[in-house]
Amino acid sequence: MRRGIIRGIAAVGAVALLGLGTACSNHREGSTSGSGDAKGFAKNSLVGVALPAKTSENWVLAGDLFTNGLKSAGFKADVQYAGASTTVADQQAQISSMVTKGAKVIVIGATDASQLATQVAAAKQAGAKVIAYDRLITNTKDVDYYIAFDNYKVGQLQGQALINGMKAKKPKGPWTIELFSGSPDDNNSKVFFDGAMSVLKPLIDKGDIVVGSGQTAIKQTAIQGWKAENAQSRMDSLLTSTYNGKKKLDGVLSPNDTLARAIITSVKGAGKPVPVVTGQDSEVESVKSIMAGEQYSTINKDTRKLVAETIKMVQSLQKGDKPQINDTKSYDNGSKIVPSYLLPPVIVTKENAAEAYANDPQLAPLTK
Ligand code: BGC
């Protein structure tokens with residue numbers, strides 16, 4: 001069974017949920033209902049959606065989908081993004097304003113997981129339900145549900161793709177790699193990294209994979225704000241410090257597509273061959289890059305599905321029903337195990353891109 005630090009404490013989760021009088025499943029695929037004491041609320045109520053800065057295409061898409069989807073489900077929607085620079089303060093103010101306006105549910109894609117306790121406490125006090133969307137909110141009991149793609153699985157798929165890609169180019173190791181992780185204020189970053197390391201570490205320990213720079217601690221690999229320029233400058237430094245001689249870089253673990261493209265830009269700028277680079281999000285430019293044989297892999301996390309499932313959760317709460325959840329053990333936010341609904345991510349390489357995006361009107365044509 002998989003175990004990351006964040007996913008430990010299964011027994012505690014079960015007890016906590018039973019304590020709330022809730023059906024509980026230890027089997028992550030099994031569906032069950034989450035905690036919820038909602039008596040329901042009027043159908044045309046306000047639903048707030050507070051999203052982080054537009055650091056990747058999925059967030060841009062999510063905003064539009066929420067605005068339209070909530071409206072066609074009969075709700076009033078207030079969809080806000082945190083600004084590019086003052087992200088935390090912006091998001092805090094936006095959530096407070098949603099509470100003041102009487103939102104019955106507030107869906108939050110946290111810009112900083114640990115900085116929202118005051119705002120969600122106020123939401124809770126006002127009787128609103130809080131759903132953490134894509135990114136967990138930490139150190140508060142006031143988050144009711146979490147909905148996301150299975151982030152740990154994303155990391156595992158990235159780690160395995162990195163190995164597969166390197167093996168395809170050079171069947172025998174040792175392979176030399178570098179590791180990148182996402183922004184430290186995003187709870188997902190560590191989960192992605194832990195998932196990837198669960199696959200890579202056994203090979204690192206055996207000496208089949210070597211991290212050229214020796215930088216294996218998540219702190220050393222983190223890219224603040226998920227910003228492309230920060231990834232590019234870290235890769236520039238690594239190339240100068242570690243790969244200016246004969247040493248060849250075979251692969252780079254990149255947590256998402258924006259950073260993958262920045263890493264590739266850096267390597268090309270230094271006149272080096274492009275290594276195997278992983279990604280995530282199925283961004284248009286990365287899918288093009290994969291089809292052109294440059295970026296090796298991405299992850300398909302269909303935002304349309306995630307938003308649709310979130311709106312279903314909101315509809316259940318509106319009716320006073322318990323939303324469907326399928327995980328009661330993985331996401332300990334430091335104060336509670338948050339009942340979660342996790343969707344399965346899909347790994348995409350050039351080989352399966354046509355199949356993976358067959359139902360995506362924007363991406364399917366790129367794979368022809
Ligand atoms: C999301 C990723 C995204 C990243 C940067 C993460 O929390 O899960 O899909 O690439 O944020 O926006």
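A residue counts as exposed when its relative accessible area is over 50%, as buried when that area is under 20%, and as partly exposed in between. The exercises below apply this to a predicted model.

**Exercise 1.** Determine how Lys 206 and Asp 208 are paired, and classify each of the two by accessibility.

*Solution.* Begin with the pairing: the side chains of Lys 206 and Asp 208 meet in a salt bridge, with an N to O distance of 3.7 Å. Next, take Lys 206, whose relative accessibility of 62% is over 50%, so that Lys 206 counts as exposed. Finally, Asp 208 has a relative accessibility of 28%, and therefore counts as partly exposed.

**Exercise 2.** Examine the salt bridge between Glu 283 and Arg 261, and work out which parts of the chain the pair ties together.

*Solution.* The closest N and O atoms of Glu 283 and Arg 261 are 3.0 Å apart. Glu 283 lies in the loop between strand 10 and helix 10, whereas Arg 261 belongs to helix 9, so the pair ties together parts that are 22 residues apart in sequence. As for accessibility, Glu 283 is buried at 2%, while Arg 261 is partly exposed at 24%.

**Exercise 3.** Locate Gln 295, classify its accessibility, and identify the polar partners of its side chain.

*Solution.* Gln 295 is found in the loop between helix 10 and strand 11. With a relative accessibility of 2%, which is under 20%, Gln 295 counts as buried. Its side chain makes a polar contact of 2.9 Å with the side chain of Asp 257, and one of its polar side-chain atoms lies 3.0 Å from the backbone oxygen of Ser 297.

Terms used: Residues are numbered from 1 along each chain as its sequence is written. This is a predicted model: local features need pLDDT of at least 70, side-chain atom pairs count only at pLDDT 80 or more; totals for chains, interfaces and linings use all residues. Side-chain values use heavy atoms; hydrogens and water are left out. Helices (H or I, at least four residues) and strands (E, at least two) are DSSP runs, numbered from the N terminus. Buried means under 20% relative accessible area, exposed over 50%, partly exposed in between (1.4 Å probe, protein chains only). A polar contact is a pair of N or O atoms within 3.5 Å; within protein, one must be able to donate a hydrogen and the other to accept it, and residues adjacent in sequence count only if both atoms are side-chain atoms. A salt bridge is a side-chain nitrogen of Lys or Arg within 4 Å of a carboxyl oxygen of Asp or Glu.
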